[in-house]
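Thanks for sending this one over.

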Number of protein chains: 2
Amino acid sequence: MARNITPRKENYSQWYLDVIKAAEMADYAPVRGCMVIRPTGYAIWESIQAKFDAAFKKTGHVNACFPLLIPYSFLRKEAEHVEGFAPECATVTHAGGEELEEPYAVRPTSETVIGYMYSKWIHSWRDLPVLMNQWCNVMRWEKRPRLFLRTSEFLWQEGHTAHETEQEAREETMRMLGVYKDIIENELAIPVLTGEKTAGERFPGANDTYTCEAMMSDTRALQAGTSHFLGQNFAKAFEIQYQNREGELAYCWTTSWGVSTRLIGALIMVHSDDDGLIIPPRIAPVKAAILPISKDESIAANDILPKAKELSAKLDEELGGMFTRVDTDFHVRPGDRFFAHLQRGVPLRLELGEKDLAAGTVRLVRRDTGEKLDVKNDAVIPTVKQLLSDIQSNMFKRAKDFREANTHDAASYDELKAIISEKGGFVRAHFGGTPEDEVRIREETGATPRCILPGDNRGKCIITGQDNARLTIFAKAY
Amino acid sequence: MARNITPRKENYSQWYLDVIKAAEMADYAPVRGCMVIRPTGYAIWESIQAKFDAAFKKTGHVNACFPLLIPYSFLRKEAEHVEGFAPECATVTHAGGEELEEPYAVRPTSETVIGYMYSKWIHSWRDLPVLMNQWCNVMRWEKRPRLFLRTSEFLWQEGHTAHETEQEAREETMRMLGVYKDIIENELAIPVLTGEKTAGERFPGANDTYTCEAMMSDTRALQAGTSHFLGQNFAKAFEIQYQNREGELAYCWTTSWGVSTRLIGALIMVHSDDDGLIIPPRIAPVKAAILPISKDESIAANDILPKAKELSAKLDEELGGMFTRVDTDFHVRPGDRFFAHLQRGVPLRLELGEKDLAAGTVRLVRRDTGEKLDVKNDAVIPTVKQLLSDIQSNMFKRAKDFREANTHDAASYDELKAIISEKGGFVRAHFGGTPEDEVRIREETGATPRCILPGDNRGKCIITGQDNARLTIFAKAY
């Protein structure tokens, strides 16, 4: 087991790739810009999926499956939508040995084809609301791919809902933003700011886009999930009409919202350190690794292993799932075995050596702090449960403190420029400019408006000087 | 609620489509040959997935995610494989606004790209076995699509494993065939025959293919799952080599195995009747529908609904999940409400009317037999549990009896021809012919060899007259 992770301070991008490689989370695929998600990474995705899926179902949503391919004529029905997505699409031109009459786009997102189906299914106000979600792969061709953050193919969920009234659709948009914030903060231990996107950062075809913005450990921002109020744009483009309570034909109001495997990139960049990955316990597929250890391989395998297995079974029962692993790599040196679990981000390591056995104790080692505790056998289970809970809160607090420490206020554009170039991080400033102003800020500073903070906090725009501008977070972003 | 299902005897194909439509399980998509799986259908797929996924994990497999696109050069590395799949592929020729240097196939199956990745990951015998699975979409262009049975895009799982020895790979092939049979029979209540495929029916690139064959209610066969022993074919094509225990470089032995959304088609065709879908209780997303009923809508909503909700909560707790639904469509006539649940295949209907309330009983109605039982309140929960178990066994027994009644023996080719044309069903006959003989039989009878029955049952081939031919099931198939 090589300890070959570049330190964060030396080269952050390389550190990120090294963490992924050391944990065997993903690899580049032999397809331009695409990745393979390896079992360690995929198990984290399954864990993330389970949390979101349960929350979607609890809020009344059902899953469905829409086609991978989308006729180009569909994309063209919404002007902003096609302008935003067509340049990134992969195109199927041939199938079954023949050239197709009309080429298909591999879906970059599914508002159009889902809108088409909704127009067939929805007839009356009694059919509303329609609350669907799909877990699937999408494709947006990337010139500069980065594992989990920007790949030509990625996995995500896309929720698509249709409502009777504007108010219901707006409530749905905000409800799902809230669901995202809740899970990203309480399960992934990633603090996020939520708010509206500026006009230049909106989803192509949306009236309003809301976002969860997280700060990575290099102080850059990452958009961790978005929820869109689509107004009647797609309803009009695809004739999603229903007979309302007054017997008249009316257009639906629709929303869409999504999170993707990018969240794994965020998880890595928020929590990990120079030893590798650190996974928050509530998301970790393996919450505790149990290592029977002895210089004598046969003592480890014959005397200690049965006790390790017994402890593993008890813990699994207590934790309500197969959340522990017994490490039987006796042919590997103990230090290397420790490091394998460190690099894979397992929250707790339990060491069972001959001395521990004689003393009636187990050594517990925290991944987040490195702290070691020798715990009496009968206290192991409650201590493990307590520590997993402590690690979860500590990871969230650490990330939140880091964000607070790296958030600054700018009263003028010069101040914003200075902070971005000297300190980085999040910059709070009043902004009321146009999308053209946003382009200029990006070109001059590298930063973009990440989200408009909610609440009563208006002031003078740092660009236009006009009053009543909204308080906005600026940052360089992934 | 229209009772618009064509009777099975009148037009089996139309009956099948009507059942799907009435249950709102799927629709054709606006993409040639593709389908949309609607929430009722998708919930069944989620339920099927959960059963298989748990069994895969229990047998040591882990999930991963490989790319959607496959370079054509990969397909060409295994001669039989490219010959079998290239004609069915959809092709991506452009992406990101440019023509690609090499076109990609949308994966029809992933042996090639997974083989390529395995060659990078596997170095030593200590890395083996590698036991991976992926749940994903695949594409095989279909000229004559049928919902769930043959669509250009479908969902499936594909297991891919690599082993040190031929024996281990053969054991894995048979283990997974056994896992398939277990779940298809015990969860989906579909009896299957398992055995080897003849040479003409093998997976392109496999040494041996094993299959689970089910009989539909029109006596045709449907291949419900396959497990392939791939020998060293893909290992040699993709250089999947490892250093063996003797320190020498050796090729791995690999397997692959899959089940797909076709299983939903099988579920429909094995179990459903002229009233619509019937879902076996162990797979049913909704196991019991609870209907508060009164001519007076306000009595139903105010007096009966709370009792229905209470019963629903108790049952959900007892059944260990959200498996009941309370029907509040008070604006719909009771007969139509009953029919809605019939058509969707809900195994049990619980009716709570005013008379039932007064008598302290609940009326239970079985979907499989139509039997009605009035059960005292305190016996409802145990009776529901017992009935769900009875329905499950009854559905399996009914399907198995049907298969037995429609399985015949043929001692000669003439007899086989006569049975296929006059009675249909499964025909057992000794067969030792070539793939060319298989083509001739198909052309002359419409039947194909479905599977070679295991066991000591050799005899004289009905085609070649040679001894020692293996007992084989022939049938017309989906």
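1. A word on terms before anything else: helices (H or I, at least four residues) and strands (E, at least two) are DSSP runs, numbered from the N terminus. This is a predicted model, in which local features need pLDDT of at least 70 and side-chain atom pairs count only at pLDDT 80 or more, while totals for chains, interfaces and linings use all residues. Residues are numbered from 1 along each chain as its sequence is written, and chains are lettered from A and ligands numbered from 1 in the order in which they are written.

2. B:Val31 has 22 C-beta neighbours inside 10 Å and so counts as buried (20 or more other C-beta atoms within 10 Å; exposed means 12 or fewer, partly exposed in between, with C-beta atoms placed from the backbone).

3. What does B:Val31 touch, leaving aside residues up to four places away in sequence? The partners are A:Pro67, A:Leu69, A:Pro71 and A:Tyr104, where contact means C-beta atoms, placed from the backbone, within 7 Å. B:Glu153 is 122 residues from B:Val31 in sequence, with 9.8 Å between their C-alpha atoms.

4. Now the interface: 42 residues of chain A are in contact with 42 residues of chain B. On the chain A side, strand 5 (residues 90–95) gives the most, with 6 residues. That side divides into 29 nonpolar, 7 polar and 6 charged residues (Ala, Val, Leu, Ile, Met, Phe, Trp, Tyr, Cys and Pro count as nonpolar, Asp, Glu, Lys and Arg as charged, and the others, Gly among them, as polar).

5. As for chain A overall, the chain has 14 helices and 23 strands. Buried residues make up 50% of its 478 residues. The C-alpha atoms of chain A fill a box of roughly 80 × 55 × 45 Å along the principal axes.

6. One helix pair is worth a look. In chain A, the axes of helix 9 (residues 297–319) and helix 12 (residues 380–405) come within 11 Å and cross at roughly 50° (axes are lines fitted to C-alpha atoms, for helices over the stretch in contact, with angles from 0 to 180 degrees between N-to-C directions). Helix 9 of chain A meets helix 12 of chain A through A:Leu311, A:Lys314, A:Leu315 and A:Glu318 on one side and A:Val380, A:Ile381, A:Val384 and A:Lys385 on the other. The residues of this contact of helix 9 with helix 12 of chain A comprise 5 nonpolar, no polar and 3 charged.

Terms used:
Contact = placed C-beta atoms within 7 Å.
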